[in-house]
Amino acid sequence: MTVNENDLYQGVKEFHDYTGDLHLECDAVVVGSGPTGAVAAYNLAEAGFDVILLEAGPIRRPSDFVLDAGQTLAETAWEGGVRAMRGNPMSPTIQGRVLGGSSLINWAMCIRTPQFCFDDWRDSWGVQSINRSMLDPHYDHVEKLLGIRPTEEHALGKKNILFKKGCDKLGWHSEPTPRNVVGCDGAAECFTGCPTRAKKSTDITLVAEGIKKGLRVYSSIMATRVTHAGGRVTGLEGYVAHPKTNKASYSVHIKARVVALGAGCLHTPVLLQKSNVDDPFKTIGKNLQCHPGAAVLGLFEEEVNPWEGATQGYHSFQFLEQGFKLEVLWAPPAVLAVRLPDFGHAFKSHLAGFKHGAIWDAIFSMKHSFGQVKARRGKSMMPDATYRTDPRDMPLMREGIAVLMDLFVAAGAHTLLPGIHRLPSEIPAKEGVGDMIRAFDLRATDIVLASTHLFSSTRMGPDPGNSVVDETGEMHHLKGCYIVDTGVMPRSPAVNPMLTGMALADLFSGFMIEKLKP
Amino acid sequence: MHLLLLIAVAAVAWRFLGGYPQPSRSYTNLFRSEVAILNAAGEVLFPAGGALSPGHDEAGITEYTDNYFGWHGLRNRTLMRLLLILFEHATILFVPSWQRMSQLAPEKRLAYLRGWAESDLYMRRMAFESLRAIMCMGYIGNQQVIKEMGIYRPEAAEKNAIIQRQPEA
């Protein structure tokens, strides 16, 4: 799908366009222009319905992109990018607050969930109808819409090539990561905004194409209440939100027959809780799960120049069924530098040595660790999220970190910086180094864990007693209201959840279309 | 008795609020005390010379943080202010010393901050990570530091960038 850059944002209402209270009517209103909301909005518009798409954040144009990580986070992420889930440990988490949602600032990984996860969803939560083969056509559709393809060889960069080298030496699976990127030049600036727009975030794809099909897009609108009567949805209310401060100005009232919530795993439950929807079994916001990620920095004799090449261009499924996925990692050096050891001149030496470094990480499917999302008191629409790492999941995390160390040794690293409290800050990369971690009594508070993959806070299932939506995405207790974001996943998808979230949104769109037909 | 009490209150007030030097330049968002705190932390965490020539001053960490405060709303700014206050005044507990962090001799100041970074108390370590995160953003946001670290944008990406930026002078 190609889009003329000049036409990209035509048709999107912005903050300065609003001159008074808004009273709108449509067939369907979608909340959230991120990956899942954008899929739903596009599909419904393409089906010929009158659809409104709301996005709380502003447009972020290429001319707004800055390389500075701090400024980018402050301007594109909820709560200025300093949001964290309370718990042991605290888990920093980032969600986008811009047109395109997190797809504008994420690392573009688009991976199909393996069948064993759907087996788990069935066995643990009774989700019968959704499995890999029935979801494959929806994966196909979304992948075609976004031009998803494996990372091209010329865009890899050394950090990805060394990852492959290590996996090859150990006989482990590895492959170029499928991404929603077309024509990557390896700038590794996914986080601050792709300078060439090779990354096909939803603002320049599904949203832009949806507008051509009649989609009405309103940015800087914060949804505050799903309106309902007699167990049926009637629309949405909200306010015009200042692009920077989120301060409320004009009110927004939308009448709609269908409401689709793609506000994300943290914001959708808050919106529902603030709407006083029927929740007799108190399931909304419960069972929050995520993929905590732990990273190791390895140093090589050669220059790796980790700022060159696709941010996460390679990954490995070798240990997926065991419970973790290995991947290359890159983020702005200012963000990564915080986990370097030492102080003063020694710390600066590490910074100077970054050019010899690669950072690889593991993301973990934690079976026993859960959290919760609650709405804060008063008018705030911000979530109060907690997440507790269960000690029963620590052996998995320990093994994942050990495996990363073994991988670095196989790839030829000479020194490892594990970033683990109570361990040496630098460890020689020798054969068997992973066993040091395997023998270590690792606690969750020993590591800096970040979790940007969130799911299950409004999970699907056949039983209204322990789930929020059914297998069509419709809420058990509020007809006409669908949830399309990753909150519906009953358990971990084992891999980065974006593509599966989009495929589910694509599936649910079909049901919404049926509901809207006369 | 009342005089003694007055002197005690004045001493405590001075300890917490008084004696901060006038900064050498004006700042939009930072208070005088915050400038002093950041400069003091920067002096030991990002000294001049060594593997990367700029120190905290030349890299403009305090100026960056002034901008950083401006990019955030009231809630985050308040949290960051509290963070700086915590580091400045917790010397009473963790050195222990009546002197504020910004008044400690550099070696003592570095040891004090190291104590936060290496503490067995998780929240102390997290507090240090938060402080260092802000300062790292400032340090690595400096063009000279970026140049000396060897960071660059690949030629192909530079050529194809939609917005061509002029390099900073």
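Buried area, as I use it, is the accessible area (1.4 Å probe) that two parts lose on being put together, summed over both. This is a predicted model: local features need pLDDT of at least 70, side-chain atom pairs count only at pLDDT 80 or more, and totals for chains, interfaces and linings use all residues. Residues are numbered from 1 along each chain as its sequence is written, chains are lettered from A in the order in which they are written, and side-chain values use heavy atoms, without hydrogens or water.

**Entry one: the interface.** I looked up the area buried between chain A and chain B. About 3,900 Å² is buried, and carbon and sulfur atoms give 63% of that. Trp307(A), Phe343(A) and Lys348(A) supply 19% of what chain A buries against chain B, more than any other three residues. I then looked up the residues in contact (heavy atoms within 4.5 Å). Chain A brings 49 and chain B brings 51.

Next I looked for salt bridges (a side-chain nitrogen of Lys or Arg within 4 Å of a carboxyl oxygen of Asp or Glu). The rule finds 2 across this interface. In one salt bridge, Glu79(A) joins Arg75(B), with the closest N and O atoms 3.5 Å apart.

**Entry two: the sheet.** Here I rely on DSSP runs: helices are H or I of at least four residues, strands are E of at least two, numbered from the N terminus. Strands pair if DSSP finds at least two bridges between them. I found an open sheet of 7 antiparallel strands in chain A, in the order β8-β17-β18-β19-β16-β22-β23. β8(A) and β23(A) stand at the edges with a single partner strand each, so one side of each lacks a neighbour in the sheet.
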